[in-house]
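Let's talk through what the labels on this model rest on. Have a look first, then we'll go question by question.

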Amino acid sequence: MLRTVTLLLVAIAFCGCDFRLFELRERDRMPPEPPPVGIVDTYVPIYASEDAEELKITTLAARPTAKAGKIFVLGTRLYQVEEDSGIHIIDYSDKAKPVKIGFLNVPGCKEVALKGDNIYTNNFEDMIILDLSASPEVKVKSRVANVFPELRYSSVYYSHNRPSNVFYLECPDYSKGRIVRWEVKKVNNPKCRF
């Protein structure tokens, strides 16, 4: 018995096996679910062409917050991420009554960092630096392409506000343009799922 165990340990030590091959994820242990039949709630991608107005980085009028993200402070201004769409600009010089004064339209925005008069953020997969020195005008000071390739297309996978009762999505067709958001709609027999 000791000899068998020793041989097994030696074989394991020298086989160079990648034991991750033997790990089964919980999802893999479950039998595949059949595609849904009939009309079900489904995420449907909304596309925009690369030159669409809604993809331009620009300053817009203040608007309500829908998918709030992180908040950063620069002087008497707060900057709050609006997930996937941009950054709210809030004047809080009167701390008892902060006032939204504008919105930076930055499609695909997920995170923000501030330094000096610069905002570092992402525009989908690209990292950009926005110059605030001429605020309210904002210009793209620098762009580094494809820093975050996983964010190339706006995704419901990363959304913090995704309803837990929607499991299906309309399969993306990237030839239609950039996915700018997802909407829940009734779809007959969706083919893709989370």
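Predicted model: local features only at pLDDT ≥ 70, side-chain atom pairs only at ≥ 80, totals over all residues.

Q: Which residues does Asn123 touch, not counting residues up to four places away in sequence?
A: Asn123 touches Ile57, Val106, Pro107, Ile128 and Arg143, where contact means heavy atoms within 4.5 Å. Residues are numbered from 1 along each chain as its sequence is written, and side-chain values use heavy atoms, with hydrogens and water left out.

Q: Why is Asn123 called buried?
A: Buried means under 20% relative accessible area, with exposed over 50% and partly exposed in between (1.4 Å probe, protein chains only). Asn123 comes in at 10%, so it counts as buried. Its place is in strand 8, residues 118-123.

Q: What makes a run of residues a strand or a helix here?
A: Both are DSSP runs, numbered from the N terminus: helices are H or I with at least four residues, strands are E with at least two. By that rule the protein chain has 2 helices and 13 strands.

Q: How many residues of strand 4 are buried?
A: That's 5 of its 6 residues, and strand 4 is mostly covered. For the protein chain, 33% of the 194 residues count as buried.

Q: How do you know which strands pair with strand 4?
A: Two strands pair if DSSP finds at least two bridges between them. Strand 3 (residues 68-74) is joined to strand 4 by 5 bridges, running antiparallel, and 6 bridges join strand 4 to strand 5, also antiparallel.

Q: Which residues in the two hairpins have a positive phi?
A: Strands 3 and 4 form a hairpin with 2 residues between them, and Gly75 in the turn has a phi of about 65 degrees. In the hairpin of strand 4 and strand 5, with 3 residues between the strands, Asp84 takes a phi near 75 degrees.

Q: What makes a set of residues a nonpolar core?
A: The members must be buried Ala, Val, Leu, Ile, Met, Phe, Trp, Tyr or Cys, joined through side-chain atoms within 4.5 Å. The largest such core has 13 residues, of which Ile87, Leu104, Ile119 and Leu130 touch the most other members. Strand 4 (77-82), strand 5 (86-91) and strand 9 (126-131) each give two or more residues to this core.
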